[in-house]
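Dear colleague,

I am passing on the structure we spoke about, and below it you will find my notes on what came out of the computed analysis. Please read them with the model open beside you.

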Amino acid sequence: MIAALCLTSQAAAFEREQLQIVGSSTVFPFAKAVAERFGMTGGFRMPVVESTGTGAGMELFCAGTGAETPDITNASRAMKPDEARVCALNGVTPIELKIGFDGIVLAGFKDAPDFNLALPQLFLALAARVPVDGRLVDNPYRKWSDISADLPDSPIQVFGPPPTSGTRDAFSEMALEAGCARVPDAAALGLKGKACHAIREDGVYLDTGENDELVVQLLDATPTALGIFGFSFLNANLSHLKGARISGIEPTFTNIAYGAYPLSRALYVYFKKEHAEAVPGMPEYLTELTREQAWGPGGYLKQKGLIPLPDAERVAQVRQVETSFAGN
């Protein structure tokens, strides 16, 4: 990996003593763990890792090249075509590395009632406007039991990520849009595709910013609420939180790894090709991230909740990155 990166000579070195990493709050714990291991080697200063959210991270990453721009951005979804265009316009060549899988979970207080939510029920609970008696109206549902008698008789209260979050993007597509497609009359009333992504703003859904730890704290203080975040945060808080079933499937490591859990997704890291030689440590950071002791089935990132890629795909991802950096 290091040899391949050294083949590129896209930019002259500029004065910065450490890598700057931005992006997804979901990937943040994994990036922080890698940065700490990387910093312990003593060869380089520990990278600065910021949890800006996927969307904001992409904006910073694609703004251009130079010491004032980040070298790496983490993402809980793939780069969008419009983001790739901005990168290209600003002279940025992003190198994509898929690092593993994650699940978007809805979790609540451990002693609260169990939830088993179908995707249409999730849409009806959180959408800004929903079909009622053949008409599109502002969401009238206040309790989960208003949607189905099988759901708990408690207020609908959900803490979750902001629009800049990759988790929010993925949740909107995999949960809201998919659920909307199965709600009678929705398509006929114009609710399809991105029209299904609008979340209600009447206090039922609380935007907690790019701070999954805050969601965990709010759930501890609000036993009847649910929070939306990545599986790794549930995995780290199983002593006091539990995940809701989605369409009857529990958010477990195995169910996410095999794609059985409906809200499973891939996680990514993007490297700025132009900074490969300009900033000390990018090749070595990438090497640390892709060591089997890090992202492999027995690695320390798995212990933090990352679901590893299959063996063959890990090998293919590394080869693809080497080729991209080498310019072949």
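**Salt bridges**

The side chains of lysine 242 and aspartate 114 meet in a salt bridge, with 2.5 Å from N to O; a salt bridge here is a side-chain nitrogen of Lys or Arg within 4 Å of a carboxyl oxygen of Asp or Glu. This pair links distant parts of the chain, since lysine 242 sits in strand S11 (residues 241–243) and aspartate 114 in the loop between strand S4 (94–109) and strand S5 (116–117), 128 residues apart. Helices (H or I, at least four residues) and strands (E, at least two) are DSSP runs, numbered from the N terminus. Aspartate 114 counts as exposed because its relative accessibility is 61%, where buried means under 20% relative accessible area, exposed over 50%, and partly exposed in between (1.4 Å probe, protein chains only).

Before going further, please note that this is a predicted model, in which local features need pLDDT of at least 70 and side-chain atom pairs count only at pLDDT 80 or more, while totals for chains, interfaces and linings use all residues. Residues are numbered from 1 along each chain as its sequence is written, and side-chain values use heavy atoms, with hydrogens and water left out.

By the salt-bridge rule the count comes to 17. One of them joins arginine 45 to glutamate 17, the closest N and O atoms being 2.7 Å apart. Arginine 45 lies in the loop between helix H2 (28–40) and strand S2 (48–49), and glutamate 17 in the loop between helix H1 (2–6) and strand S1 (20–23), so the pair ties together parts that are 28 residues apart in sequence. Arginine 45 is partly exposed at 45% relative accessibility, whereas glutamate 17 is exposed, with a relative accessible area of 55%.

**The chain as a whole**

The chain has 14 helices and 13 strands. For its 328 residues a compact globule would have a radius of gyration near 20 Å, and the 21 Å of the chain agrees with that; the radius is taken over C-alpha atoms, and the globule rule is 2.2 Å times the number of residues to the power 0.38. Along its principal axes the C-alpha trace spans about 65 × 40 × 35 Å. Buried residues make up 53% of the 328 residues. Among contacts (heavy atoms within 4.5 Å) between residues at least 6 apart in sequence, 74% join residues at least 24 apart.

**A buried helix and a buried glycine**

Six of the eight residues of helix H11 (residues 282–289) are buried, so this helix is largely enclosed by the rest of the structure. The buried residues of H11 are Met282, Pro283, Tyr285, Leu286, Glu288 and Leu289. Glycine 299, in the loop between helix H12 (292–295) and helix H13 (300–303), is buried as well, with a relative accessible area of 1%. Not counting residues up to four places away in sequence, glycine 299 touches Glu292, Gln293 and Ala294.

Most residues other than glycine have a negative phi. Aspartate 133, however, has a positive phi near 55°; this residue is found in the loop between S6 and S7 and is exposed at 76% relative accessibility. Aspartate 185 likewise has a positive phi, of about 75°; its place is in the loop between helix H7 (166–180) and strand S9 (205–207), and it counts as partly exposed at 43% relative accessibility.

Glycine 134 is found in the loop between strand S6 (129–132) and strand S7 (135–138) and is partly exposed at 42% relative accessibility. Leaving aside its neighbours within four places in sequence, glycine 134 is in contact with Asp185 and Leu189. Glycine 134 and leucine 189 are 55 residues apart in sequence and 8.1 Å apart in space, C-alpha to C-alpha.

With best wishes
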